[in-house]
Amino acid sequence: MKGVSPFLLAVWLPSTSFGQESLSKGIPSDAGSPDAPVLFCIGMHIEPHGGGMSKLVKSGIQGNGPGARGGKGYKDVAFFRRHAADIRTVAEIVEAHQGKLTIQAQTPFTQTAAELKEMILGEMEKRGHEIALHFHEDAHMGRTVNDLTVETWTAVLKEEIEWIRKAGGQKIRYWSGGNLYPGVLEAAVGAKLNVMGDYKNPKSQESDPKLLTVFPWRPSKGPKDNDVGEFAKHSAAGKVIYLPSGLFGKTNYGGRRRSEEAGGDAKYFDFLTEGLEASLRAARKDRVNVFHITVHAGEFKGRGGKPFAVISEWLTKVIDPLVRDRKARWATFTEMADEFLQWEKGHPNVDPRETGMAPRPHAETARRRPNLSDDVPESPAREIGAGPFPLSEDPV
Ligand SMILES: [Zn+2]
């Protein structure tokens, strides 16, 4: 050890080696108001690990999603059971804070669950969580997915929903995914889905500043690649309610929760706290205000031996006080949408996105918003399994 300064040693060792990382940010007491509560939820994505293309798609090339990466993924019973156990653990933590998850599932997780008669999704629904669809379109329909017809999309969405039903989930109204397909809204309505969220361009892995708000709306048209102008515009005639993630101002974070650029779990959750604070400050008493964060099944890796500690600490330090002060309220995604439906009845001619206020300056700089909701970029490095974890377990 001679010649190695203690400072360098401290930098080199992961911080968790010295004990639990800790959160450093809280919500200032002047943020938020019980007159304008923010509805809050934790979304959980289940990725298509080990999945393949739907037989309803006649031809095509397997896409780049986790389904294409090889390995058995959720077809491996041990892998499935490990993630199912993680989902239960997160649910228990959230329930200890009187909270709710919206668990978004897809094949092959749902298929394996049904085949094993492992009714985890039904059990979660009975416990007050919401079951929904997370739809990696290229995993299920191949690389040319955005050239397929609305009818094909609807058929595959229905097929995915049917597998969720077989795994016990019954009330499916929300989906995430299909973000580059202009017909996605129409296709989803055909499959009886009517609430959407977590928009992100799967190519750039970025959301869009136009979507950074706390007010739900009805998109006028589906999103196009590099053009969410119409999608971000409210139309009272729209059949789908879009739930934004909230306001996030920082743009220089690398992304997903476990990324090194984010600086680890505690820093990532501190970043979420900042977004929550901005969202509380943007909330209005004459609107429905929403905010959510997203976690992934299986992303809890055991760093420092306490993989779930950070979420537990965050709920205790950040969320519980807001709920106690009635500045935030737990709600599943469709409960948020139902509150929006109620609000619409009382405000028939109001554009929910029209606030009469100048845009918040930081929203314009948020083009490089971190990947709060979802996947790793489709970079070649990812495809060949770069990163600290075994490829098949990577959260995406
Ligand atoms: Zn995903």
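**Entry 1: helix α10.** I began with α10 and found Phe333, Thr334, Met336, Ala337 and Phe340 buried. Seen down the axis of α10, these buried residues fall within an arc of 150°, so they line one face of the helix. The arc is taken from the directions that run from the helix axis to the C-beta atoms. I noted that a residue is buried if 20 or more other C-beta atoms lie within 10 Å of its own, exposed if 12 or fewer do, and partly exposed in between, with C-beta atoms placed from the backbone. On the other side of α10, I found Gln342, Lys345 and Gly346 exposed.

I then looked up the length of α10. The helix covers residues 333-346, which is 14 residues, and reaches 21 Å from its first C-alpha to its last. That is close to the 20 Å expected at 1.5 Å a residue. The expected span is 1.5 Å times one less than the number of residues in the helix.

**Entry 2: what kind of model this is.** I wrote down that this is a predicted model, in which local features need pLDDT of at least 70 and side-chain atom pairs count only at pLDDT 80 or more, while totals for chains, interfaces and linings use all residues. Residues are numbered from 1 along each chain as its sequence is written. The pLDDT is the predictor's confidence in each residue, from 0 to 100. The protein averages a pLDDT of 82, and 77% of the residues score at least 70.

I marked two stretches where pLDDT stays under 50. One is residues 251-256, for which the model has 21 contacts beyond four places in sequence. Another is residues 358-396, with 77 such contacts. Two residues are in contact if their C-beta atoms, placed from the backbone, lie within 7 Å.

**Entry 3: the whole protein.** I looked up 12 helices and 8 strands. Helices (H or I, at least four residues) and strands (E, at least two) are DSSP runs, numbered from the N terminus. Of the 396 residues in the protein, 48% are buried. Among contacts with a separation of 6 or more, 80% are between residues 24 or more positions apart.

Entry 4: Which strands pair with β2? Strand β1 (residues 38-45) is joined to β2 by 4 bridges, and the two run parallel. Strand β2 (residues 101-105) also pairs with β3 in the parallel sense, over 4 bridges. Two strands count as paired if DSSP finds at least two bridges between them. I followed β3 onward to strand β4 (residues 174-176), where the pairing is parallel over 2 bridges.

I looked up residues that stand opposite each other. His45 stands opposite Gln104 in β2, and Gln104 stands opposite Ala132 in β3. Ala105 stands opposite Leu133 in β3. His134 stands opposite Ser176 in β4.

Are the residues of β2 buried or exposed? In β2, 5 of the 5 residues are buried, so the strand is largely enclosed by the rest of the structure. Leu101, Ile103 and Ala105 point one way from β2, and Thr102 and Gln104 point the other way. Strand β3 (residues 130-134) is mostly covered, with 5 of its 5 residues buried. From β3, Glu130, Ala132 and His134 point one way, while Ile131 and Leu133 point the other way.

**Entry 5: helix α2.** I found that the 20 residues of α2 should span 28 Å at 1.5 Å a residue, and the end C-alpha atoms are 28 Å apart, which agrees. The buried residues of α2 include Phe79, Phe80, His83, Ile87 and Val94. Seen down the axis of α2, its buried residues fall within an arc of 160°, so they line one face. What covers them includes β1, β2, α3 (109-116), α4 (120-126), β7 (289-296) and α9 (309-324). The face turned away from the buried side carries the exposed residues Ala78, Glu92 and Ala96. Just after α2, I noted that Gln98 takes a positive phi of about 55°.

**Entry 6: two residues.** Arg82 is placed in α2 (residues 77-96). Arg82 counts as partly exposed because it has 13 C-beta neighbours inside 10 Å. Its C-alpha atom is separated by 7.6 Å from that of Gly298, which is 216 residues away along the chain.

Ala167 is in the loop between α6 (150-166) and β4. Ala167 counts as buried because it has 24 C-beta neighbours inside 10 Å. Not counting residues up to four places away in sequence, Ala167 touches Thr110, Ala113, Ala114, Met119 and Leu121. The C-alpha atoms of Ala167 and Glu123 are separated by 9.6 Å, and these residues are 44 apart along the chain.
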